[in-house]
Each structure stands twice: as structure tokens, then as C-alpha cells.
Amino acid sequence: MSDKTPGAYKHLCGNDKRKKKLKEDEDSAKLAEKSAKFFKNFKNAGDTGLEAVDERGIRTDDNSQFQRQKLDLNQPSTSTFVPIYNTSDGYEIRAENHEVVNFTQHSEVSTQLESGGPTIPENDSNQVNPKAEDGNFHADAQTADQDIILDDPALWPTPINSASRRYLVTKGPVAVINDLYPKRDGESFDARYFQMSHNGIYHRREWLLYSRSQNSLFCFPCSIFGTQTMHRSPFQLSASNKTGYTDFHHKGRSILSHEGTQQHFSSTASWKSFQKNMKSSTLIDAMTEKQLKSEISFWKQVLKGILSAIIFLAKNNLALRGSSTNVLDHNCGNFLSLIKLLGNYYPPLTMHLERLKKNSTSYLSPKIQNEFITQCGNWVRETILEEIRNAKYFSIIIDSTPDSSRQEQITEVIRIVKCSKKECVVKEYFIDFIASEEKTGNGLSTVVVQKLEKDKLDIKNCRGQGYDNGANMAGAYKGVQSWISKISPKAQFIPCAAHSLNLVGVNAVERVLQAKLSLGQIQTIFIFFHASTQRWKLLNTKLNCNLKGHSTTRWSSRAESVQALSTQYWNVVEALVEITTSDTFNSDSVAGADSILNIMLTFRFLLSLKIWHQILHHINICNLTLQKGTNNLDLASKKLEALLSWLKEFRLSGFEECLSDSCTLAKQYDIDTTTGFMDKRKTRGIKRKRLEELSEDAAKELTNFERFKLEFFNELMDNLISEIGSRFGQLRSCNQDFGFLWGVGLAAGSNDSFKQRINDLCEKYEGDFDQIKFINEMNYVKHQISSLLPNGRDIYDTCPVEVLEIIYEHDLQSCFPNVACALQIFLTLPVTVSHGERSFSKLKIIKNYLRSSMGQERLSSLSILSIEHTITDTISFDEMIWVFANAKCRRVPLE
């Protein structure tokens, strides 16, 4: 029978069909076997790689290398894994929550770009990160990490910019593989469409993406590289199509149809070409990026040099501007002159100065200077305010003075206790200068409260107020302290101890005629020499140190004046004698020197100088101690008690000691001990005798020394002792309220005394303490502190700072929270306003008569940079440059 007969032809066709059916069954069995091993291969995969076929036959690269990481593979088989096909050299598994759960690539292609300085981001979502490591700002990396969800293309930003395109190509397409997909119109997507077969060989459809949020399909290359001129495919992501392909009834036909379109071929070719060029760094974008990085690095170095110059001048209270803003002019000012000087040794600034042309970017203008000064000042201020908020309790120190433009400036100083495991230290921070025309207590208190609200400080946490003794500040009814006490009753007012001590001396002297006369004569001697350069030059040839004058506001100046004259008494006398005997001085100088000599060469002047030297020396020591910012009320109270004790002792025996020393000096200088005393006025007629005058001894007249002691020494000492006893009542009262927490009060206190003191404290600071727990804590804290003190220390010698440091050092604040809180409040209470007075010294240097037109914001920023220079030294230049670049952002996306 011929093979061409119809029957033979029909037989051969049936045989071919059977062979084909057997081949398909064999392939299906192999596929089923590979699918059963899909999850098992994940468990067995190590450094040698993963099985390249999943349960649906999706192939991956068999030559991939992987690094094992933490993965719980004992989860049910319904767990969803998302393969991320980065490149041909890596494979990564992500869970549905987008977190990496097992394998990562052994090497990654990094596309993070350094940015910063004046570089402007394209939109707000791509802002650079100021806290990047080593000061490098990775704008693209941040955008990709935060805004692009790799396994959901419907959530990608549209249009896709160059940075996002580089990131997506680097990471590669992500296939979301689920056992079951949600249905849409009765049909759902099937994961088998992620693979295609040709002649029994399976290939992965890398381009096909599934979106969870839209339950739709997208094409990876068309969505990234598709052009606007091409025909829009439903698989292409665009601003008008974020839904994707959703016709799951015809998904197979549509996928095959899309694969054959010219648009898909073109987009895929662009994708693979872009991927290849990225690896070889031949992209135009890569070259541009390299140039951009170089330019960014250059500008960052330039701005760092500019910032260094500004901060240096601000810390040293130097003016920045000159009469010209041209850096090439001779009178361009300190800032531009310093930039030129740095340019001789700092290459980036050298290149920048060489590139400067008219209308080119220089970052050297006065406006840029002000912006940098303001940014740095705000950074320092916010750093301080953050510390204050962390400390919770604070005290305010307010004072005011007119500046060079006759504008009233209020200084704001905040006092806190900064506690850590290493140490507990009292800090007084300058915050701001506030321009105000208010003079009344109500007006000033309103300004203070509004400023605290602006600084985001709760006035209810204010526990202390520190002002000078002015009526508008310290007035009990209409002063600032009374108005703030109404708002925050727990804010205790403590008059400045240094000002109060000054007033002690002023008031004591004003009521003693002989004391005023002595101090006036000492000031007259200084004025005589200081008024003439010729006389001053002659005096300097005789003295080892210059004479000092009195200050109406600083009592310490009197101590310095008296000490300088007392230690160089005879040298001043010699200078006066030379003036009276010299022919080079005019008649006024000779007459003035002669009259001063008649005063100085008397025993009364010598004795009063000796007495004043002793008194003012001890008062000055106490005054200087009170002005330290780290003082507390306990230390101030002890210093004042020591001064009061010395004054009482000196009143009993001091006059005789000074008289003996003065007699020794008078003998050495050949001065009569009877000179200088005022004779008692003689009366006409016979003195009437009184009934109580029983004998002639009782009516005996006083000698010069006795009368001087009675009219000068005793009266002066009584006034000083009385003033000190009456002017520090509030300070002593606050110290007694908390005195049971340390030292003698803690060591000698009993349970009953502790209860009474704690009750009083809880009434005064209602809401700050738990009364019952506070009493229980006091029963144990004494023994705990005693056991933790260093060897040789006794609890009687402890101070409040030491007790608080022991509590924090050994983490006992959770055991004794009320004790720690009470000590913190006590140490927060202010002692003096000396820190505010020191800020006025900076004010007069910064805003002098040559800089009287300075703005308020610039004044405050320069002041805080200079006063809080230790914090200024910690400014991060990279962060300041980032803030500056972000503030200068002008570019907006055009699409």
C-alpha cells in the first residue's frame, strides 16, 4: 500500500497526535514536579543559589549568587512572596508589607547622589536630607526609599523624573506572585501569565507587573520609557492612566498583543540600553551627575569658608560690613577682608574669588550675611530652648537698659538645672534681646509672657523670678514680679543678691556723714589725677598700678578704688609733693595738689582709709561670689551669713586694730595722730548740768578717737549689720523651705520635722509633689545618701548639688522622684541677675555708636552667637548649608 493513500495519511496523522499528547503529558509532569519543590527549594537554598523555577514555572537566572538572611520558612504555603528582579546578578524576596524578609544581593549598584549647598531640589518630595552620613545628602535615594513602592506601579510618581527612572531601572521590575488574586468583574489574574513558553522552553515576562492597589496590570518598560507621541497602551502608566489594564476576561490575548506592538519593542530596547549604559557609566545623565557632584562639592566648601568667617566675627563681637560691598575695595569691611585673607590659604575660596564677575553668584552680599547670621542664631537658640523644655522647670531673669540708639532693650535669661548621669549643673542661658517701649510693671510682664509663649515655654513651669531692685520690676503690688505671680503663683521672686548687697553699702553710707566724706575725698584724688594727662603720666611713674574711680552702680568699684590708694598711699603723696614743687604745672594743679596733701597727711584720713579697706574688702569678696551663675540659694545664704558674722566681730574689735595699724603708719610717715579731727564746737556761757550728771567723770568730754569711733565707725557698722539682716529675708526663707534635703537639715532631721516641712512645701508648690510618697522617701533617702558618699565625706557636709548628683549617678530618681524634683526646683531658683548684666556688656560692644542702625533680629542673633559661644562652636556647617539651600529653593516642576 502506498504511503500516499488516504488511509495511510490518516493513520500517520493520528500517530503524530498521540506523540504530541505524550510529549505534553511529560512536560506537565515535569512542571508539576518542579512546582511541588518550589518552597522546598527556598529552604534548601544557600550560598550556591536558589531553584530557578517556582510552582508556576517562572524561571530565574541559574547563575545568581545569594546571601542567606533571617527568614521564617515554616510559614503556611499561602504566604505571599514578592520576587524583586534587580539585575541579572541578584534576587531579593519581599513580603507584601514591602519589607525585605530573606535574600539580598551581594553587591548593589548605588545611584545615590550627593547634593547640598545651593543645589535646588526639583520638588518638595525630593528635598535633601541634612542628617546624611558624613554630610552627604542623598536626594535621589531618599526619594526612592520614601515615595516609590517597587511592587505597586500604580503608586509610582507621575511623570517619572530622571532620578526615579534611574532608581527603578537599578532595582528592576517586581513580580507580585500570589496563589489567589482578587476578582474583577468575575475574573482574576493568574500568575502563570508571568511566564511564557516557546518550543517547551519557559521564559519569564520581566516586563509584566501587577498592582495590588488597583488590581491591574502594567508594563514596566512602557511605563518608564514610553513617550507621549506613541499610542497609549492600557498597560502604560501615565498621569492620565493610573489604573492600568483591567480586562481580565481577555488578559491572555491582550498580553500577547501588547508584546507584539512597536511601542513595547521600542520601550524595551530603551530599557535594556539604559541599563547597560548605567553599568558602564556612559549615560549623559551620569556625566552630568558627575559634573553636578563636583560643582556641589565646590559650593559646599565655599559656603563653609563663608560660614567660618561669619561665625568668627560674630563670636568676637566684630563688625562685618564696611563702607563698600565690593570685595576688591580696600574699605570693604572685616568680613570681605577676612574672605580675601582666607582665600590666600583656602583653595575653594581662591577659585571663588577668581570666578567672581558682575551679576554672578557670590554669596557675599549683606543680605546673605544676615541670612547666615539669623540661621546660626536660630539654631543656637532652638538648641538652648530644647534643653530648657527637657529640664521642665526653669526661672526667668529679666533686666533692661537703653542701647546706643536709645531703644530700650530687655534681656531674657533662662536658668535651669541640667541633670545627667555624669553631672548635675546649673545653667543660665541668654535667649534674646527684646525691644520694648514699656516701662510699667504690667507692660513689661505682658512682654515677658508673650516672649515665653513664642519660645514655646509654659509659664506654669516657671519656678523663679530674678530682677534687680527697681520699683517697676520688684514692686510688691505693681511690679513685674507681682503680675507674673498672679499668672504663675509658684514662680518665687528672689531679689538679686548682688544688687541687694550694693544697696546695703549705699544706704549705710548715706546715713553716716563721716563715711560719705571719706569716700568723697578718695574719689577727689582720682579725679584730680585723671583729669590731666600730664598729672596722670606723673602718677604712673610712681605707682605699680593705676588708681580706680567709683561707679554709681557697682559697689565693687569702691573696693578697688580704696585698695589701690591704701596700698600705694605714700607713692601718691610723693606725686602730689612733686606737683606742688614743680615749675611745669599750672597754678590750678599746684593748688589742687596742695589741698589734697592737706587732707591726705592727716591721721583721720589715714585711719578712715584703713577702716574702709577692711570693710570693702570683705564685702567685695562676698559680692563677687554671689555673681557666679552656678550659685544656689544655699551657698549665697552661707556667704551672707559669713559676711554678717564678720561684720559683728569687726564691730567689737576692728576699730582698735585699725587704730593700731594707722598709728604705726603715721609714725613711719611722720604724721601727727591728732590731725584731721573736727574740733567740738564751743558754746558761749556755762554748760547746763542735767540731773543725771552725778559726777565730773560722767561729764567728761570724749577724745578725738572716741568721738570718731562713735560718729564714724560704730554708726557705719550698725547700719551695715541692720541692712544685711533686713534685705535678704526672701532668700533665707526659700533656703529654709528646702533646707531639710541636704547637709545638717537632712542629717539631724526627724520624721516629725520632715512631715511638717514637706507639708509646708506641698502647700507652696501644689501639684509638684506627692505628699505621702515624699514623706516615705525622706525615711530612706538619708541612709541611701550616706552609703553612697565618697570615703571621708559626712552627710553633714553635703550640698544640694551633691545630693542631686548622687541620685542621678546611681539612677535613684525613680526611687526618690519627689526628692529629686524638690532639689531641681531649689537649684532653679535664681540668686542674681549678673548674667543679664553681662549681656548688656556685649550689647554695648555689638551695637555701639558706629552700628546704631542695626536691626533687632541681627542684634539678637549676633548676641546669642557671642554670649553662648560654647554652643556656637557645635554648629554643623553641613546642616546650616542644607537649611540655606532649602530656603533658597526656587525651582518648580514644569510637568
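**Close-up views of a predicted model**

**View 1. Loop residue Asp670.** Asp670 is placed in the loop that connects helix 22 (633–669) with helix 23 (704–727). The model shown here, as in every view below, is predicted. Although Asp670 is not a glycine, its phi is positive, at about 60°. The relative accessibility of Asp670 is 71%, so this residue counts as exposed, the cut-off for that class being over 50%.

**View 2. Loop residue Asp811.** Asp811 is found in the loop between helix 28 (800–809) and helix 29 (817–828). Asp811 counts as partly exposed because its relative accessibility is 40%, which falls between the limits of 20% for buried and 50% for exposed.

**View 3. The cis peptide bond at Pro159.** The bond from Thr158 to Pro159 adopts the cis form, and its omega is near -5°. Pro159 belongs to the loop between helix 3 (139–147) and helix 4 (162–171).

View 4. Five strands form an open sheet in the order 13-12-11-14-15, and their pairing is mixed. At the edges stand strand 13 (424–435) and strand 15 (492–495), each of which pairs on one side only. From one strand to the next, the twist averages 25°. Strand 14 (residues 462–467) and strand 15 run parallel and are joined by four bridges. Within this part of the sheet, Gln465 is positioned opposite Phe493 of strand 15.

View 5. Thr401 is located in strand 11 (residues 394–402). With a relative accessibility of 13%, Thr401 counts as buried, since that class requires a value under 20%. When residues up to four places away in sequence are not counted, Thr401 touches Gln407, Glu408, Gln409, Phe840 and Leu843.

**View 6. Packing of helix 26 against helix 27.** Helix 26 (residues 751–764) packs with helix 27 (residues 771–788) at an angle of about 145°, and the two axes are 10 Å apart. The crossing of these helices is right-handed. Helix 26 contributes Asn751, Phe754, Lys755, Ile758, Asn759, Leu761 and Cys762 to the contact, while helix 27 contributes Gln771, Phe774, Ile775, Met778 and Asn779. Sorted by class, the residues in this contact of helix 26 with helix 27 comprise seven nonpolar, four polar and one charged.

How values were computed. Residues are numbered from 1 along each chain as its sequence is written. This is a predicted model: local features need pLDDT of at least 70, side-chain atom pairs count only at pLDDT 80 or more; totals for chains, interfaces and linings use all residues. Side-chain values use heavy atoms; hydrogens and water are left out. Two strands pair if DSSP finds at least two bridges between them. Helices (H or I, at least four residues) and strands (E, at least two) are DSSP runs, numbered from the N terminus. Axes are lines fitted to C-alpha atoms, for helices over the stretch in contact, and angles run from 0 to 180 degrees between N-to-C directions. Buried means under 20% relative accessible area, exposed over 50%, partly exposed in between (1.4 Å probe, protein chains only). Contact means heavy atoms within 4.5 Å. A crossing is left-handed if the near helix is turned anticlockwise from the far one by less than a right angle, and right-handed if clockwise. Ala, Val, Leu, Ile, Met, Phe, Trp, Tyr, Cys and Pro count as nonpolar, Asp, Glu, Lys and Arg as charged, and the others, Gly among them, as polar.
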